[in-house]
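Reader: I would like to learn how to read a model of this kind, feature by feature. Please show me the chain before we start.

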Amino acid sequence: MSKELFTFHNGVTIPSIGFGTWQIPNEEAYDSVTMALKNGYTHIDTALAYQNEENVGKAIRDFDIARKDVFVTSKLPAQIKGYQETLDAFDETLTNLGMDYLDLYLIHAPWPWNEIGKDCTEGNIASWKAMEKLYNDGKIKTIGVSNFEIKDIQALLDNCDIVPMANQIPFYIGRDQKDLLDFCKKHDIVVEAYSPLATGQLLDHPVLKEIAEKYDATPAQVAIRYCLEKDTLPLPKSTHEKRIIENRELNFEISAEDLAALDKIEDVRG
Ligand SMILES: NC(=O)c1ccc[n+]([C@@H]2O[C@H](COP(=O)([O-])OP(=O)(O)OC[C@H]3O[C@@H](n4cnc5c(N)ncnc54)[C@H](OP(=O)(O)O)[C@@H]3O)[C@@H](O)[C@H]2O)c1
């Protein structure tokens with residue numbers, strides 16, 4: 001891979017491909033995370049809401065790797081807003097994981113999932129202040145947000161001390177999020193690409209398949225490589241070892257011409 005690490009604005013680095021664990025049940029998470037670690041992933045993405053932190057943490061702790069050599073991300077549930085509420089949820093996450101610090105903690109979304117778009121600015125500011133405290137206390141190496149639009153980030157910039165270090169957003173071929181990417185770049189915020197395969201929906205696209213053949217790669221590899229070409233950090237998820245291996249074998253570069261062809265693909269999720 002050409003770029004092994006992204007660097008946050010506080011100097012901390014993060015491996016440039018993360019292993020996603022959404023929709024992996026707790027019972028399966030142990031084997032999936034173990035497979036990922038065995039095959040070279042050193043960056044694991046989970047969340048309290050995924051209800052698998054317990055076995056994600058156990059897999060990491062049981063594996064023959066030092067804690068400092070694995071980058072672990074978790075998230076404050078979208079419906080939990082407020083200062084004390086955030087401190088409490090963070091404690092729950094650390095307990096679930098069986099760890100004494102996190103590498104990255106994110107506000108999962110600016111609004112609860114059952115009230116998408118609701119204005120929770122005050123709650124997000126209160127949560128962010130709690131995350132700043134946890135960061136200043138050394139309990140988290142980096143702090144960030146997820147699913148935040150420009151206005152949501154701007155509210156934190158206007159009212160808080162620490163500029164978010166990451167924004168984890170849906171990003172895949174067909175969903176380029178250009179304005180948000182430009183804004184994040186301007187503020188030195190690393191963009192993490194979640195659902196880099198559009199949760200699998202992208203993989204049968206004829207243009208993607210045709211371009212993948214040219215590179216002797218799979219559609220998944222081109223889709224993940226595309227995120228890196230756009231300077232975003234992909235978080236592919238799989239529970240199958242063959243795919244887990246494939247998803248980080250990305251030793252090729254997509255030409256400008258092929259990137260332009262991929263850019264023309266419409267959002268498969270409409
Ligand atoms: N912050 C947020 O709100 C948020 C939201 C969504 C996702 N995320 C994060 O981003 C991660 C990835 O997103 P995602 O789970 O939506 O999905 P994704 O990585 O875009 O796609 C996963 C799907 O593609 C399949 N797949 C994976 N690799 C493949 C390959 N090489 N060939 C064919 N099929 C393949 C998987 O099936 P199998 O598992 O059966 O192999 C699964 O059905 C999540 O796990 C989570 O960590 C964050």
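Reader: Which elements do the buried residues of helix 1 pack against?

Author: First, the ground rules: this is a predicted model, in which local features need pLDDT of at least 70 and side-chain atom pairs count only at pLDDT 80 or more, while totals for chains, interfaces and linings use all residues. Residues are numbered from 1 along each chain as its sequence is written, and side-chain values use heavy atoms, with hydrogens and water left out. Helices (H or I, at least four residues) and strands (E, at least two) are DSSP runs, numbered from the N terminus. Buried means under 20% relative accessible area, exposed over 50%, and partly exposed in between (1.4 Å probe, protein chains only). Contact means heavy atoms within 4.5 Å. In this case, the buried residues of helix 1 pack against strand 3, strand 4 (43-45), helix 2 (53-62) and helix 9 (241-246).

Reader: Which residues in helix 1 are buried, and what length does helix 1 reach?

Author: The buried ones are Asn26, Ala29, Ser32, Val33, Met35, Ala36 and Leu37. For length, the expected span of a helix is 1.5 Å times one less than its number of residues. Helix 1 (residues 26-38) has 13 residues and reaches 19 Å from its first C-alpha to its last, close to the expected 18 Å. Just after helix 1, Gly40 has a positive phi of about 100 degrees.

Reader: How should I read the sheet, and what is its strand order?

Author: Strands of a sheet pair through backbone hydrogen bonds, either parallel or antiparallel. Two strands count as paired if DSSP finds at least two bridges between them. Here eight strands form an open sheet in the order 3-4-5-6-7-8-9-10, with parallel pairing.

Reader: How many bridges join strand 5 to strand 6, and is strand 5 mostly covered or uncovered?

Author: Strand 5 (residues 71-76) runs parallel to strand 6 (residues 102-107), and four bridges join them. Lys75 has Leu106 in strand 6 as its bridge partner. Strand 4 also pairs with strand 5 in the parallel sense, over three bridges, and His43 has Phe71 as its partner there. As for cover, six of the six residues of strand 5 are buried.

Reader: Which residues is Thr86 in contact with?

Author: Thr86 lies in helix 3 (residues 83-97) and is buried, at 0% relative accessibility. Leaving aside neighbours within four places in sequence, Thr86 is in contact with Leu76, Ile80, Tyr105, Ser127, Ala130 and Met131.

Reader: Where is the place of Ser16, and is Ser16 buried or exposed?

Author: Ser16 sits in the loop between strand 2 (13-15) and strand 3. Ser16 is buried, with a relative accessible area of 1%. Its C-alpha atom is separated by 4.7 Å from that of Leu5, eleven residues away along the chain.

Reader: How many helices and strands are in the chain as a whole?

Author: The chain has ten helices and ten strands. The radius of gyration, taken over C-alpha atoms, is judged by the globule rule: 2.2 Å times the number of residues to the power 0.38. The radius of gyration of the chain is 18 Å, close to the 18 Å that the rule gives for 270 residues, so the chain is as compact as a globular protein of that length. Buried residues make up 54% of the 270 residues.
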